[in-house]
Amino acid sequence: MISTKESYLDRLSKKRVNLYINGERIENFMEHPNIKPIIDSIGLTYELANKDEYKDLMVAHSQFIDEPINRFLHIYTEKDDLIKRLKLARLMSSKLSTCNYRCVGCDILNALYATTYDMDESLSTNYHERLKNYIKYVQSNDLSVSGALTDVKGDRSKKPHQQDDMYLKLVEKRDDGIVVRGAKICQSGALVVDETVVMPTIALKEEGRAYAVSFAIESGNENVIYVLQNNPYEAKKRETPDWESGNPYGDRGTFLVIFNDVFVPWDRVFMCEEYQFAGLLVSNFSNIHRYVGSGCKAGFVDAIVGASKLMAEYNGTEKASHVVDKIVDSIKGIEACYACGLAAGYESVQTKSGVWLPDTLYANISKVLGLPALNKAIVNLADIAGGICVTCPSKRDLENPEIGKYIEHYLGGKEGVPTESRLKLVKFVEYWVSGPHLGGAIHGGGSPVTPDIFIKRSVNVDEKKKLVKELLGL
Ligand SMILES: Cc1cc2nc3c(=O)[nH]c(=O)nc-3n(C[C@H](O)[C@H](O)[C@H](O)COP(=O)(O)OP(=O)(O)OC[C@H]3O[C@@H](n4cnc5c(N)ncnc54)[C@H](O)[C@@H]3O)c2cc1C
């Protein structure tokens with residue numbers, strides 16, 4: 001079913017969540033300046049699904065409930081689903097200039113779909129059917145789903161079982177379900193969704209079986225606590241008026257999510273102690289998420305390139321050859337990343353479960369290309385904007401009855417461009433230059449060393465050596 005932003009808001013407003021922001025417990029979270037932008041971002045995923053011009057990307061047909069559904073809930077049983085998923089990521093990021101908060105959940109559902117099939121086949125469990133029922137449930141109700149895998153980890157040199165609950169773990173198995181304890185960090189969107197699917201963050205061995213858990217929870221579980229990250233942009237959003245913080249959709253709402261002995265009924269459990277399959281689940285997820293990440297970064301750079309051009313026009317530098325070259329430079333880098341993502345989609349492989357997974361090599365290389373491409377585009381934007389991109393006075397200075405006239409006069413740009421428009425754009429540039437997205441590009445989908453591991457595994461270098469030996473008769 002395709003529902004509306006209004007029904008999403010209605011469901012959300014009925015939730016009671018344990019939320020803490022900047023040391024305070026928040027009761028009415030819907031209108032909170034740090035939370036509302038996240039709600040609006042997710043809201044856009046509902047709004048666009050109802051607009052004819054976006055339906056091709058936003059809406060898919062469910063093979064499970066035989067109805068149109070939001071593509072963020074779709075299982076990719078056709079290769080084309082995967083390609084459209086990439087284009088959807090680009091569309092959303094270009095419109096929001098931040099996270100849409102539904103990618104990780106969608107990617108975990110697809111990774112689970114492939115993995116539970118293999119798990120059942122090998123261990124005679126029945127997780128795949130259970131997952132399908134859960135997928136039917138979220139699709140039939142058009143629920144928003146976020147995804148949680150990153151554990152707090154503690155001492156990185158120690159394995160999960162060597163440090164109690166620094167990785168989320170199973171603490172009790174009951175007739176009616178399981179009880180879990182631990183904490184997940186950097187969780188995009190977390191409480192502002194209907195549901196969150198949870199999975200392990202690393203491959204596990206037998207001694208780590210208690211950490212091999214995957215399940216779904218509804219937002220509003222009484223034993224789950226959410227703590228909002230508090231980067232400078234979140235503080236700014238609370239303290240300053242509208243356009244001061246750059247992006248109306250906020251920066252990147254992520255949370256520390258504490259699972260304080262949370263009960264999960266069996267029909268929501270998709271892995272419980274099957275440590276042998278944790279690694280496969282993680283690699284299936286990483287494949288999809290790095291692939292989708294190339295579309296996400298391409299969308300961000302679409303906005304950055306747009307801001308670069310507009311800033312140049314406002315400053316009167318749009319005809320300078322180096323400015324034009326810098327914009328082309330930003331486009332070159334990101335389109336190489338996106339093309340690599342597309343290649344991963346076109347070279348995708350169908351798993352036994354029927355779901356298509358992107359080609360591992362290209363998906364991981366797209367992650368490798370994405371970071372310098374986004375970085376370069378931000379540097380080019382800052383260059384074009386000038387030093388004001390990190391030194392701009394406040395909107396309140398512009399509004400001040402004593403000094404407003406000076407700000408209006410001295411911070412104006414090209415004739416005909418209102419100073420307020422220029423400063424509004426400058427704050428958007430500032431958001432990219434000093435905001436959280438570069439950190440997101442570094443660590444989102446795994447720290448930079450992780451794609452290298454997959455790339456090493458997926459290329460047979462000895463085959464290439466053989467080629468040269470054959471060629472030279474060695
Ligand atoms: C903006 C943003 C949004 C995010 N959204 C989500 C989300 O929605 N859901 C989600 O689950 N996660 C999310 N993440 C988390 C992201 O996946 C992680 O940040 C990433 O996997 C890195 O994990 P970490 O932050 O614990 O860093 P670490 O794993 O601690 O990495 C830091 C450094 O330590 C190195 N390192 C780590 N462990 C070892 C070791 N054992 N041996 C040697 N070196 C090691 C790494 O290679 C890296 O260089 C998000 C992150 C960001 C920044």
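**Briefing: ligand shell, core and selected residues**

K153 is partly exposed, its relative accessible area being 23%. The model is a predicted one. In this model K153 belongs to the residues that come nearest to the ligand, together with L149, T150, R156 and S188.

**Ligand shell**

- T150 places a polar side-chain atom 2.7 Å from a nitrogen atom of the ligand.
- R156 has a polar side-chain atom 2.7 Å from an oxygen atom of the ligand, and for Q187 the distance from a polar side-chain atom to a ligand oxygen atom is 3.3 Å.
- On its own the ligand has 960 Å² of accessible area, and the protein covers 65% of that area.
- Two or more residues of the shell are given by each of the elements β5 (145-148), β7 (177-188) and α14 (437-443).

**K153 in its loop**

- K153 is located in the loop between β5 and β6 (169-173).
- The phi angle of K153 is positive, near 75 degrees, although the residue is not a glycine.
- K153 counts as partly exposed because its relative accessible area of 23% falls between the limits of 20% for buried and 50% for exposed.

**Nonpolar core**

- The largest nonpolar core has 145 residues, and those that touch the most other members are L19, I35, M58, V192, F255 and F259.
- Helix α8 (residues 278-315) gives the most to this core, contributing 18 residues.
- Beyond its neighbours within four places in sequence, I35 contacts L19, I21, F29, V192, L228 and F255; L19, V192 and F255 are also among the core members that touch the most others.

**N110, a buried polar residue**

- N110 is part of helix α5 (residues 103-123).
- N110 counts as buried because its relative accessibility is 0%, against a cut-off of under 20%.
- A polar atom of the N110 side chain lies 3.0 Å from the backbone oxygen of H74.
- A polar atom of the N110 side chain also lies 3.1 Å from the backbone oxygen of C106.
- With neighbours within four places in sequence left aside, the contacts of N110 are H74, I75, Y76, I288 and V355.

**Helix α7**

- In helix α7 (residues 232-239), the buried residues are Y233, E234, A235, K236 and K237.
- The cover over these buried residues includes α2 (36-49), β10 (224-228) and α13 (419-434).
- At the start of α7, the backbone nitrogen of Y233 has a side-chain oxygen of N231 within 2.9 Å.

**Further loop residues**

- N22 occupies the loop between β1 (18-21) and β2 (24-26).
- The phi of N22 is positive, at about 50 degrees, and N22 is not a glycine.
- A210 sits in the loop between β8 (195-198) and β9 (213-218).
- Apart from neighbours within four places in sequence, A210 is in contact with K169 and L170.

Notes: Residues are numbered from 1 along each chain as its sequence is written. This is a predicted model: local features need pLDDT of at least 70, side-chain atom pairs count only at pLDDT 80 or more; totals for chains, interfaces and linings use all residues. Side-chain values use heavy atoms; hydrogens and water are left out. A residue is near a molecule or strand if one of its heavy atoms lies within 4 Å of it. A polar contact is a pair of N or O atoms within 3.5 Å; within protein, one must be able to donate a hydrogen and the other to accept it, and residues adjacent in sequence count only if both atoms are side-chain atoms. Accessible areas come from the Shrake-Rupley method with a 1.4 Å probe; for residues, only the protein chains shown count as cover. Helices (H or I, at least four residues) and strands (E, at least two) are DSSP runs, numbered from the N terminus. A nonpolar core is a set of buried Ala, Val, Leu, Ile, Met, Phe, Trp, Tyr and Cys residues joined through side-chain atoms within 4.5 Å. Buried means under 20% relative accessible area, exposed over 50%, partly exposed in between (1.4 Å probe, protein chains only). Contact means heavy atoms within 4.5 Å.
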